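Me: I would like to learn how to read the pockets of a protein model, beginning with the classes of residue that line them.

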Amino acid sequence: MLETIEAIRFVTPLREGGSLPGVMEGDDFGTWVVKFRGAGQGLKVLVAEVIVGELARALGLKVPQLKVIEVPEQIARYEADEEVQDLLTASVGLNLAVDFLPGAFGYDGEHPPSADEAATIMWLDAFTANVDRTPANPNLLRWHGDTWCIDHGAALYFHHSWPSRGSHPERFAAQPFDSSTHIMRGVVTDLPSAHDRLSTLVTTGLLTEVVAQVPDAWLEPTADLPDAESVRAAYIANLVARLANPEAWSPR
Ligand SMILES: Nc1ncnc2c1ncn2[C@@H]1O[C@H](COP(=O)(O)OP(=O)(O)O)[C@@H](O)[C@H]1O
Ligand SMILES: [Mg+2]
């Protein structure tokens, strides 16, 4: 599992994001962008952040370090801003901490990554069905001369149908991906070789490792997936099935 730290102070809200992320200080002396469990989009977006973020890292992309941050009750109780207090009260417990990159700029296309790196980003987004990386909403930061990937909460949306319809890896495997609006569309060149290069890196062993990083407490059981272990197995089964069917989704 990801390392767990405790939140000691709420610093400031990040007004840009739709999910009301905020900056907090941790008991590790770090400054963290916190994606809150109580932000209204539920725990599943935090699960997607961890699985896709750690997969991105394993493929060689730059991703800020991820930790789990525990928000204690008293921080919420003594917060003066009412809106923030409500959010913190709803988020007591384990939340996602993303290493804060001070002075980072939003990606504007002026300094694109290499064609290989761009292809890796697009391939990962296609594989995990991440629709949130467009010119209107890049979810990429420029920091210290590199391109950093953030915000993978929209990926793996198949898990939202688990409570009502159960897990169907064959459906996710067949789901197409529209790469025409992807932020890297004009930068990538050799997509077929990107698939050959990357698909061999995504082994069942790697997927197992990445899914193991998610805390049990975020893996909500359903009627068919009664415990954290079966939920983990369902993520792996969906991703393994999709990897085996690139004709459906791999960008060309
Ligand atoms: N690790 C980080 N370092 C610096 N700024 C960040 C970081 N993560 C997010 N931000 C800023 O906060 C904004 C919202 O974060 P994001 O993860 O995209 O949240 P949302 O899910 O609400 O879109 C980003 O567009 C960026 O400006
Ligand atoms: Mg975002």
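Reply: Ala, Val, Leu, Ile, Met, Phe, Trp, Tyr, Cys and Pro count as nonpolar, Asp, Glu, Lys and Arg as charged, and the others, Gly among them, as polar. This is a predicted model, in which local features need pLDDT of at least 70 and side-chain atom pairs pLDDT 80 or more, while totals for chains, interfaces and linings use all residues. Residues are numbered from 1 along each chain as its sequence is written, and side-chain values use heavy atoms, with hydrogens and water left out.

Me: How do the residues of the lining of the second largest pocket divide by class?

Reply: Rolling a probe the size of a water molecule over the atoms shows where empty space is left. A pocket is an open set of points on a 1 Å grid over the protein atoms alone, where a 1.4 Å probe fits, with protein on both sides within 12 Å along at least five of seven lines, and lining residues have an atom within 4 Å of a point. Here the lining of the second largest pocket divides into 4 nonpolar, 5 polar and 2 charged residues, and Trp162, Arg165 and His168 are among them.

Me: Which residues lie nearest the centre of the largest pocket?

Reply: Of the 40 residues that line the largest pocket, Pro21, Lys35, Asn139, Ile150 and Asp151 lie nearest its centre. By class, this lining has 22 nonpolar, 12 polar and 6 charged residues. Helices (DSSP runs of H or I, at least four residues) and strands (E, at least two) are numbered from the N terminus, and α1 gives the most to the lining of the largest pocket, with 4 residues.

Key:
Chains lettered and ligands numbered in written order.
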